[in-house]
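Student: I have a new structure to look at and would like to learn how to read it. Could you walk me through some of its features?

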Amino acid sequence: MTSNYVLVTGGAGYIGSHTVVELLNKDYNVVVVDNLYNASYEAIRRIEKLTGKKVNFFQCDILDGPGLRKVFSQFTFSSVIHFAGLKAVGESTQIPLDYYHNNINGTITLLQVMKEFNVKNIVFSSSATVYGDPPIIPIPETCPTGSTNPYGRTKLFIEHIIRDLCTAEKEWNAALLRYFNPAGAHPSGIMGENPTGIPNNLMPYLSQVAIGKREELSVFGDDYKTRDGTAIRDYIHVVDLSLGHLAALEKLNVNPGCVEYNLGTGHGSTVLEMVRAFSKAVGRDLPYKICPRRAGDVTNLTADPRKANSELQWKAEKSLEEMCQSLWDWQSKNPEGFEGCDPNPPAECIITQK
Ligand SMILES: NC(=O)c1ccc[n+]([C@@H]2O[C@H](COP(=O)([O-])OP(=O)(O)OC[C@H]3O[C@@H](n4cnc5c(N)ncnc54)[C@H](O)[C@@H]3O)[C@@H](O)[C@H]2O)c1
Ligand SMILES: O=c1ccn([C@@H]2O[C@H](COP(=O)(O)OP(=O)(O)O[C@H]3O[C@H](CO)[C@@H](O)[C@H](O)[C@H]3O)[C@@H](O)[C@H]2O)c(=O)[nH]1
């Protein structure tokens, strides 16, 4: 049995797949589990193509304790990077039970199996949404938390669960990574976000407008108290975000207990600034219309990333232009995303049926 594997849950998804590439590039041994609810096995094939390495993949649900035990019996893990979860804010208000069950029970099952196998280092995908409508901009990690939607509350509850575990059992270490707004794609143009159905998020929607799949962007609200009236977010290149996970893994080696980090750039952009930046990458103006605010949106989520910068020796390096260019490369080379590619893994990789 080879030791020192990193288990990546949700590793076929958008941020997970980019992180797996960076881990493999740095010679980590990686195992991916994903139930492929919101991903295609094609992402794993693309990771293999990009890195020239074989990915140990299992179609396994994190709610499937016996399934996870099968994986944990085959490898010795030093740590887990836990991406798996449902992530659409709007959908979470429609089907809250599914969100609470999948995200919270899934995480508890994972933590129980980790404990059984004496794996006590975890990097968790949290979110800036835990800050709700923050009173301080840029937002430090010490800002009060409290989310406005079921999805955000799952992130907040999971943070509490992991923190409680680290308090109760001192051998546990956890990095709770509060992501701001990931955007962009792998610079190769081979891998990127592959949203199913109509994208909820600004940048994937805008890129589908550019490719002609959607008529125009709806800009949700121009009456915010910002420089142009549209809401501000801290967009971070997905490759920078992925590298933040490698930095967090390193941090866990020095037994820090439970630590929270904002992963953002510290620079906020309005919706209209993003429309302009992406239009520039595409080479033409993209159509948009001003619409009412979207329920649940807040004015400004901009990170104060200094804690991550100093304690993780990590900094977001890539520009807004690189974010937009890589997204457009990916979208224009793969207008249908992974559609048309076989979404299923080889039968021997399937532990949990869909
Ligand atoms: N994308 C964002 O804007 C953003 C921002 C903040 C936090 N996050 C969090 O980061 C993580 C990754 O986000 P993403 O954008 O890559 O999303 P994604 O949907 O692309 O990836 C999540 C992956 O988890 C898998 N999954 C879901 N439930 C599972 C389960 N029960 N068992 C096994 N696999 C399961 C999905 O199939 C998918 O591949 C999520 O936890 C998300 O909440 C995302
Ligand atoms: O079609 C669209 C989509 C979005 N927006 C606006 O664009 C901004 C960004 O929206 P979006 O891309 O949907 O991201 P957020 O709502 O900020 O949420 C993302 O970023 C959060 C962290 O900041 C994560 O927790 C969430 O999971 C993730 O979806 C907001 O002001 C939206 O109102 C539009 O104007 N039109």
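Tutor: Let's begin at ligand 1, where an oxygen atom is 3.2 Å from a polar backbone atom of Tyr37. That is a polar contact (a pair of N or O atoms within 3.5 Å). Do remember that this is a predicted model: local features need pLDDT of at least 70, side-chain atom pairs count only at pLDDT 80 or more, and totals for chains, interfaces and linings use all residues. Residues are numbered from 1 along each chain as its sequence is written, chains are lettered from A and ligands numbered from 1 in the order in which they are written, and side-chain values use heavy atoms, leaving out hydrogens and water.

Student: Which side chains have a polar atom 2.6 Å or 2.8 Å from an oxygen atom of ligand 1?

Tutor: Asp34 has one at 2.6 Å, and Lys87 has one at 2.8 Å.

Student: How many residues surround ligand 1, and which are the closest?

Tutor: To surround a ligand, a residue needs a heavy atom within 4 Å of it. Here 26 residues do, and Asp34, Asn38, Phe83, Asn102 and Tyr151 are the closest.

Student: How many residues surround ligand 2?

Tutor: There are 22, with Ser127, Asn181, Asn201, Ser218 and Asp297 the closest. An oxygen atom of this ligand is 2.5 Å from a side-chain N or O atom of Asp297, and for Asn181 the side-chain distance to a ligand 2 oxygen is 2.7 Å. With Ser218, a backbone N or O atom lies 2.7 Å from a nitrogen atom of ligand 2.

Student: Now the backbone. Where is Leu36 found?

Tutor: Leu36 sits in the loop between strand 2 (29–34) and helix 2. Helices (H or I, at least four residues) and strands (E, at least two) are DSSP runs. Leu36 has a positive phi of about 60 degrees, although this residue is not a glycine.

Student: Which peptide bond is cis?

Tutor: Look at the bond from Ile137 to Pro138, with omega near -5 degrees. Pro138 belongs to the loop between strand 5 (121–127) and helix 6 (150–168).

Student: How do I read a pair of helices?

Tutor: Compare their axes, which are lines fitted to C-alpha atoms, with angles running from 0 to 180 degrees. Helix 1 (residues 14–25) and helix 8 (residues 238–252) pack at about 60 degrees, their axes 8 Å apart. Helix 1 is therefore oblique to helix 8 (under 35 degrees is roughly parallel, over 145 roughly antiparallel, 65 to 115 roughly perpendicular, and the rest oblique). Residues in contact (heavy atoms within 4.5 Å) include Tyr14, Ile15 and His18 of helix 1 and Leu243, Leu246 and Leu249 of helix 8.

Student: At what angle do helix 1 and helix 2 cross?

Tutor: Helix 2 (residues 42–51) crosses helix 1 at roughly 30 degrees, and their axes come within 10 Å. These two helices are therefore roughly parallel to each other. Ser17, Val20, Val21, Leu24 and Asn25 of helix 1 meet Ile47, Leu50 and Thr51 of helix 2.

Student: And how do helix 5 and helix 6 cross?

Tutor: Helix 5 (residues 96–116) and helix 6 cross at roughly 20 degrees, with axes coming within 9 Å. Helix 5 is therefore roughly parallel to helix 6. Their contact includes Tyr99, Ile104 and Leu111 of helix 5 and Phe157, Ile161 and Leu165 of helix 6.

Notes: A polar contact is a pair of N or O atoms within 3.5 Å; within protein, one must be able to donate a hydrogen and the other to accept it, and residues adjacent in sequence count only if both atoms are side-chain atoms.
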